[in-house]
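The structure comes first, and the description follows.

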Amino acid sequence: MRPHGAGTGGGGVGRRKAGAAAAAASREWMVVPASGPARVEEAGKHAVMARTGLPARDLRVLDPLLSYPSTILGRERAIVVNLERVKALITAAEVLLPNSKDPAFARFVRDLQSRVLASSSDQAAELTDMEGESSAVASPFPVPSSSKGHEVEMTKKTTAVVPEMTSSNSMPNLAIAKDGNTKVLPFEFRALEVCLESACRSLEEETSTLEQEAYPALDELTSKISTLNLERVRQIKSRLVAISGRVQKVRDELEHLLDDEMDMAEMYLTEKLTQQELSEASSRVEVDDPSQTEEDRDEEYRSEPDGSNGSFIGYKPNIEELEMLLEAYFVQIDGTLNKLSHLREYVDDTEDYINIMLDDKQNQLLQMGVMLSTATVVITAGVAVVGLFGMNIGISLYNPATEEETRAANRKFWETTFGTVAGCVILYIIAMGWGKRSGLLQ
């Protein structure tokens, strides 16, 4: 019995470790549905993968411990968004956000929820108007009873395919403007728009703050070059390089999406889901419809997209609305990048101006050094004269015999002194004149 008990205890410890590992792998997610209030759920990586159909490598993009560049990935059932501080998993019915205590995150959740609820209300109103108009207009042709039954059966089949979808979640598929031309953005694009708006607004605010600090600091540096001003400009330049890199990554990602139609087509989650539902429902109806021939079924099967395995071969949705959405924010982020480029040019111009000023100061110091060196050489000539007269040699100038000779000696002394000084000055003037004439001095 003892070995059996030990084995049971080991299995319990193993299960506890596995449970602890699973609990450690789980994290809190803020879920914003297409209708209803936001809620916080705790889910592990495998649960999120099963919920969104994403592989583990796509979920690593949202890991806060890893550094990934700005990315927007369109997958079969979800869109992965990693733009600056905005990290989200967008499906056709809800948005999953890694929960955070950052005040900016709370602001983003409020904007997302208000935008989604407002759009849902507008779509509900438009859908009600459309139903009223369609019921008020009578068809001039009689509708056979078999057709009515066929429509009812298709509706039941479509509802039975995805029972978890509510009528509010499927509204974006049915909400069409009264003119019949424009289509209301589906839920995933409204959520993507909020993500893009939040990221662009954050970068725009950082750029504006940097501009307000940079231009006065650069102007002050041009008026007074000091260690404090140089340190401020250095920090501003470091921030400028960092923000420019982040903005450039967002711009490159949007440009990449705009250049690739297949990536944009992958983001039509609601339309793909609707096509899959209709394809499955129509296939079931066709099986139950005895009046349809085998040739008609084959022709319709070839014309419909392949939705049996979740892929739509040959199906290309109209990407114009998504292209317009991405183009709008591409222009906005490009404008932010242009502001940073102008600020970078102003910084470079200021650096060039400072270098010119420093070169001018250096030239002035060099000229002063040349002038002092010339003065030293000239004074050295005078010192040589003094040294000649200071040698211990007996001459009559130092030993006057009479008073007249004394006066003559004094006169010769002053003549020699003033002559030496005047000669040094004349030599200095001649040296300066030659230097300016030859272009060595200004």
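Helix H12, residues 320–389, contributes the most to a negative patch, giving three residues. (Helices are DSSP runs of H or I with at least four residues, strands are runs of E with at least two, and both are numbered from the N terminus.) The model is predicted, so local features need pLDDT of at least 70 and side-chain atom pairs count only at pLDDT 80 or more, while totals for chains, interfaces and linings use all residues. Residues are numbered from 1 along each chain as its sequence is written, and side-chain values use heavy atoms, with hydrogens and water left out.

The patch lies on the surface and is formed by Glu-261, Glu-320, Glu-323 and Glu-327. Patch members have over 30% relative accessible area and no salt bridge, and like charges are joined within 9 Å. Glu-320 belongs to helix H12. Its relative accessible area is 47%, so Glu-320 is partly exposed. Here buried means under 20% relative accessible area, exposed over 50%, and partly exposed in between, with a 1.4 Å probe and protein chains only.

Glu-253 sits in helix H8, residues 227–259. At 13% relative accessible area, Glu-253 is buried. Beyond its neighbours within four places in sequence, Glu-253 is in contact with Ser-70, Thr-71 and Ile-72, contact being heavy atoms within 4.5 Å. Thr-71 is 182 residues from Glu-253 in sequence, yet the C-alpha atoms of the two are 6.3 Å apart.

The whole structure holds 21 salt bridges. Each is a side-chain nitrogen of Lys or Arg within 4 Å of a carboxyl oxygen of Asp or Glu.

The Arg-51 pair links distant parts of the chain, with Arg-51 in helix H2 (residues 45–52) and Glu-41 in strand E2 (residues 39–43), ten residues apart. Relative accessible area is 35% for Arg-39, 22% for Glu-41 and 29% for Arg-51, so each of these residues is partly exposed.

Lys-237 is partly exposed at 25%, and Glu-351 is partly exposed at 29%. Elsewhere, salt bridges with shared partners tie Asp-111, Arg-115, Glu-193, Glu-197 and Arg-201 into one network.

Terms used
Patches are made of residues with over 30% relative accessible area and no salt bridge: like charges are joined within 9 Å, nonpolar side chains (Val, Leu, Ile, Met, Phe, Trp, Tyr) within 5 Å. Accessible areas come from the Shrake-Rupley method with a 1.4 Å probe; for residues, only the protein chains shown count as cover. Lys and Arg count as positive and Asp and Glu as negative; His and the chain ends are not counted. The place of a charge is taken as NZ of Lys, CZ of Arg, CG of Asp or CD of Glu.
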